Amino acid sequence: MDTAQPTAEGQIRQYAIALAALAHNGLVFSTDVFDRQRYEQAKQIAADLLALISNDTVEDLQKNVYLEQGYMTPKVDVRGGVFDEQARILLIRDRSDEKWTLPGGWCDVLEPPSLAVEREVEEESGLAVRASKLVALHDRDVQGHQPAFPYHVYKLFFLCEIVSHGQPSPVETMEVGWFDVEALPELSSTRVLDTQIRLLHQHWNKPDLPTMFD
């Protein structure tokens with residue numbers, strides 16, 4: 001876990017995200033026309049701050065950050081840990097950055113996390129699986145994933161058991177492979193860290209270990 005103090009850029013990002021959430025939630029509950037104008041101004045300031053430290057335009061940030069309806073909460077990402085008889089971990093090579101990661105992605109609305117991770121694993125690897133244990137609930141910022149996102153993310157890591165085999169989706173996945181946890185390929189650190197893979201391996205070896213959380 002990265003416990004270092006945030007950089008000036010990191011602090012600007014944290015303040016901007018907090019300001020964006022405050023403004024968004026104020027607009028959800030406020031009916032006073034003058035208060036709503038102030039909240040809209042605060043949203044604009046938050047987007048301007050995020051644009052200063054990212055490659056996105058203010059317009060793109062406004063589209064991506066403020067699409068959420070209702071009270072603003074963290075987004076939920078799920079990842080599935082699947083091991084074979086040789087204790088190797090299943091990884092997929094993502095097309096977006098051509099690096100390796102655990103299969104997974106965003107939860108859909110009205111979709112339980114366990115079903116979301118089962119769906120993602122099957123889509124990306126071709127393996128039908130059953131989620132058997134929640135190993136960890138991590139805060140993406142606390143764990144030190146890079147690059148930082150302009151919104152807040154919780155990451156859920158599940159152990160999954162193989163039910164049947166199929167074909168992965170060619171749209172998202174370049175390759176599927178099995179790797180020894182001591183000989184991992186270059187990982188997509190925006191999605192998974194080697195410490196998280198090792199944690200999954202520990203829980204696979206010792207199923208009675210308690211769930212970890214930030």
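# Chatting through a predicted model

Q: Hi! What share of the 214 residues in the protein chain is buried?
A: Buried residues make up 41% of the 214 residues. Keep in mind that this is a predicted model.

Q: Got it. How many helices and strands are there?
A: The protein chain has six helices and eight strands.

Q: And in what order do the elements run?
A: Starting at the N terminus, the order is α-α-α-β-β-β-β-α-β-α-β-β-α-β.

Q: What does the C-alpha trace span along its principal axes?
A: About 65 × 35 × 35 Å.

Q: Which share of the contacts joins residues at least 24 apart?
A: If you take contacts between residues at least 6 apart in sequence, 69% of them join residues at least 24 apart.

Q: Which residues are closest to its centre?
A: The pocket is lined by 20 residues, and D77, R79, G105, W106 and R191 are the closest to the centre.

Q: Which elements give two or more residues to that lining?
A: Those are β1, β2 (89-94), β4 (104-106), α4 and β6 (153-165). The largest share comes from β4, with three residues.

Q: And how does the lining split by class?
A: There are nine charged, six nonpolar and five polar residues in the lining.

Q: You mentioned R79. Where is it found?
A: R79 is part of strand β1, which covers residues 75-82.

Q: Is R79 buried or exposed?
A: R79 counts as buried, because its relative accessibility is 5% and the cut-off for buried is under 20%.

Q: What is R79 in contact with?
A: Leaving aside neighbours within four places in sequence, its contacts include T101, G105, V117, F158 and R191. Two of those names, G105 and R191, also came up among the residues closest to the pocket centre.

Q: How does S114 count by accessibility?
A: At 30% relative accessibility, S114 is partly exposed.

Q: And which residues does S114 contact?
A: With neighbours within four places in sequence left aside, S114 is in contact with A131 and F158. F158 is also one of the contacts of R79.

Q: How far is S114 from K43?
A: Their C-alpha atoms are separated by 34 Å, and the two residues are 71 apart along the chain.

Q: Switching to rings! How many aromatic pairs are there?
A: The count comes to four aromatic pairs. In one of them, the ring centres of F83 and W204 are 5.1 Å apart and the planes are at 25°, so this pair is stacked.

Q: Which parts does that pair tie together?
A: F83 is in the loop between β1 and β2, while W204 is in helix α6 (residues 194-205), so the pair ties together parts that are 121 residues apart in sequence. F83 counts as buried at 9% relative accessibility, whereas W204 counts as partly exposed at 32%.

Q: What about F149 and Y151, why is that pair tilted?
A: Their ring centres lie 5.3 Å apart with the planes at 40°, so the pair is tilted. Together with W106, F149 and Y151 form one aromatic cluster.

Q: Which residue lies over the face of Y151?
A: That is K75, at 5.4 Å from the ring centre. Over the face of F149 you will find R140, at 3.6 Å from the ring centre.

Q: Now the backbone. Which peptide bond is cis?
A: The bond from Q146 to P147 is cis, with omega near 0°. P147 lies in the loop between α5 (140-143) and β6.

Q: What's phi like at A87?
A: Phi of A87 is near 65°, a positive value in a residue other than glycine. A87 sits in the loop between β1 and β2, and with a relative accessible area of 21% it is partly exposed.

Q: And at E98?
A: Phi of E98 is near 60°, a positive value for a residue that isn't glycine. E98 lies in the loop between β2 and β3 (100-101), and its relative accessible area of 46% makes it partly exposed.

Q: Last one: is S188 buried or exposed?
A: S188 counts as buried, at 1% relative accessibility. S188 lies in the loop between β7 (173-179) and α6, and it touches D97, K99, W100 and T101, not counting residues up to four places away in sequence.

How values were computed
Residues are numbered from 1 along each chain as its sequence is written. This is a predicted model: local features need pLDDT of at least 70, side-chain atom pairs count only at pLDDT 80 or more; totals for chains, interfaces and linings use all residues. Side-chain values use heavy atoms; hydrogens and water are left out. Helices (H or I, at least four residues) and strands (E, at least two) are DSSP runs, numbered from the N terminus. Buried means under 20% relative accessible area, exposed over 50%, partly exposed in between (1.4 Å probe, protein chains only). Contact means heavy atoms within 4.5 Å. On a 1 Å grid over the protein atoms alone, a cavity is a set of points where a 1.4 Å probe fits but cannot get out, and a pocket is an open set with protein on both sides within 12 Å along at least five of seven lines; lining residues have an atom within 4 Å of a point. Ala, Val, Leu, Ile, Met, Phe, Trp, Tyr, Cys and Pro count as nonpolar, Asp, Glu, Lys and Arg as charged, and the others, Gly among them, as polar. Rings of Phe, Tyr and Trp (its six-membered ring) pair if their centres lie within 6.5 Å; planes under 30 degrees apart count as stacked, over 60 as edge-to-face and the rest as tilted. A charge sits over a ring if NZ of Lys or CZ of Arg is within 6 Å of the ring centre and within 35 degrees of the ring normal.
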